[in-house]
Amino acid sequence: MDISYIINELGEDREQYFNAVAPPIVQTSNFAFKTVADMRNRFRDEYGGYIYSKGLNPTVDILRKKLAALDGAEDCLVFNSGSSAIYASVMANVKAGDHIVSVKNPYTWAQKLFDNILPRFGVATTYIDGTDIRNFEAVIQPNTTVIYLESPNSWYFELQDLQAVSKLAGSKGILTICDNSYCTPLYQKPLVMGIDISLQSATKYIGGHSDVVAGVVCGAKKMMRKIFENEMSTSGNGISPFNAWLLIRGLRTLPVRLEKITQNTAKVMEFLLQHPKVESVIFPFNEDFPQYELAWRQMQGCCGLLSFFLRVNKVEEVVTFCESLRHILMAVSWGGYESLIIPACASVLPDRYDITKKSHRMLRLYIGQEEPGYIISDLRQALNTI
Ligand SMILES: *Cc1c(COP(=O)(O)O)cnc(C)c1O
């Protein structure tokens with residue numbers, strides 16, 4: 001399906017709403033029936049139509065169709081956060097006594113689910129370095145039911161060979177889940193490479209304007225129905241019609257935003273790589289990246305988020321650098337219009353600072369849509385203060 005068709009037309013039926021060009025926000029909690037028979041039919045199959053907006057809603061459905069098509073999926077569910085998308089996908093596929101294999105350092109709240117919540121229900125998780133397929137083979141047990149991936153992850157950008165992992169998992173009847181927030185389905189399609197569930201935080205690139213928190217799960221229709229009827233409906237963590245509408249709006253410009261951010265990232269990376277105060281940069285499409293070839297093999301693009309290390313002797317210099325930035329904001333998240341930075345040392349208590357540790361000199365930079373010269377001059381003046 002043509003990407004322009006998906007983004008501009010798919011799921012939209014203007015005759016249903018006065019030929020309005022922009023779809024309406026169907027801001028209703030419930031839907032009325034004319035006959036008892038209709039109501040009974042809907043009660044028997046809530047996934048088949050509208051009854052209550054905690055479940056399905058027409059504005060949300062437009063978004064679902066577009067997101068499923070972008071991912072090459074049969075179906076899609078949209079949640080009120082990326083974290084709840086992770087929660088529902090994992091919970092739907094484990095039971096007491098099961099074992100999960102996860103890449104090490106997954107998204108923080110995925111890790112909390114594995115470490116703090118699931119052990120209470122008898123589900124154990126083994127973390128592995130996902131850069132080598134042999135590490136998966138080594139820890140799979142007869143009770144392994146889920147392999148959890150995040151490729152690339154968001155500080156070190158380690159990749160997993162998605163085709164190899166899905167082949168291995170398929171041969172053992174294990175379900176694979178991949179967090180695809182970094183690439184979006186425009187730059188990587190996990191389902192096409194054999195992964196069972198592709199999920200992402202739509203807060204990042206899909207929303208794209210730092211004004212909505214949301215998550216997406218894509219996969220087979222049967223799996224989506226199972227998640228909808230159980231985990232999603234009991235936790236009531238579906239997206240609201242208004243936030244779905246914001247995501248539809250975000251999708252209209254997703255390709256052009258990613259293109260601009262890709263161009264900006266190349267220029268900013270070039271600047272960082274040659275700067276004497278910068279020790280190194282981690283970015284999957286940087287030639288020095290250890291999995292550079294795999295990155296090009298399974299990703300159609302990659303942009304925005306990178307990490308770099310400052311060449312400094314004191315943590316105070318990292319602090320000075322961050323606090324000297326005039327335009328780049330110090331904030332979590334990414335994928336919006338604005339450039340952002342997080343120093344790793346913000347997660348370390350000052351008395352634990354150890355500048356000899358490379359990780360304490362690390363910063364994660366998100367390059368937004370400002371003009372590249374604007375971002376570079378801000379970085380340059382802040383680097384000059386240290
Ligand atoms: C932000 C993020 C999430 C969580 O999404 P929220 O919408 O913030 O709940 C999950 N995975 C990755 C890789 C993320 O960056």
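Before the first entry, a reminder to myself: helices of at least four residues and strands of at least two are DSSP runs, numbered from the N terminus. I also note that this is a predicted model.

**Entry: the histidine**

I looked up His-360 and found it in the loop between strand E11 (340-343) and strand E12 (362-366). Is His-360 buried or exposed? Its relative accessible area is 8%, and the cut-off for buried is under 20%, so I put His-360 down as buried. Next I listed its contacts, leaving out residues up to four places away in sequence. His-360 touches Val-318, Cys-345 and Val-348, and also Arg-352, Tyr-353 and Asp-354.

**Entry: the ligand site**

Where does the ligand sit? I found it in the largest pocket. I noted 14 residues around the ligand, with Gly-82, Ser-83, Asp-179, Thr-203 and Lys-204 as the closest. Helix H4 (residues 82-91) gives the largest share of that shell, three residues.

**Entry: polar atoms at the ligand**

I then went through side chains facing the ligand's N and O atoms.

- For Asp-179, I read 2.6 Å between a polar side-chain atom and a nitrogen atom of the ligand.
- For Thr-203, a polar side-chain atom lies 2.6 Å from an oxygen atom of the ligand.
- For Lys-204, an N or O atom of the side chain is 2.6 Å from an oxygen atom of the ligand.

Last, I checked the cover: on its own the ligand has 370 Å² of accessible area, and the protein covers 89% of that.

Methods. Residues numbered from 1 in each chain as written. Predicted model: local features only at pLDDT ≥ 70, side-chain atom pairs only at ≥ 80, totals over all residues. Heavy atoms only, no water. Buried < 20%, exposed > 50% of the residue type's maximum accessible area, 1.4 Å probe, protein only. Contact = heavy atoms within 4.5 Å. Near = heavy atom within 4 Å. Polar contact = N/O pair within 3.5 Å; in protein donor to acceptor, adjacent residues only side chain to side chain. Areas by Shrake-Rupley, 256 points an atom, 1.4 Å probe, with all protein chains shown as cover. 1 Å grid on protein atoms, 1.4 Å probe; cavity = no way out; pocket = protein on both sides within 12 Å on 5 of 7 lines; lining within 4 Å. Sits in = over half its atoms within 2 Å of the grid points.
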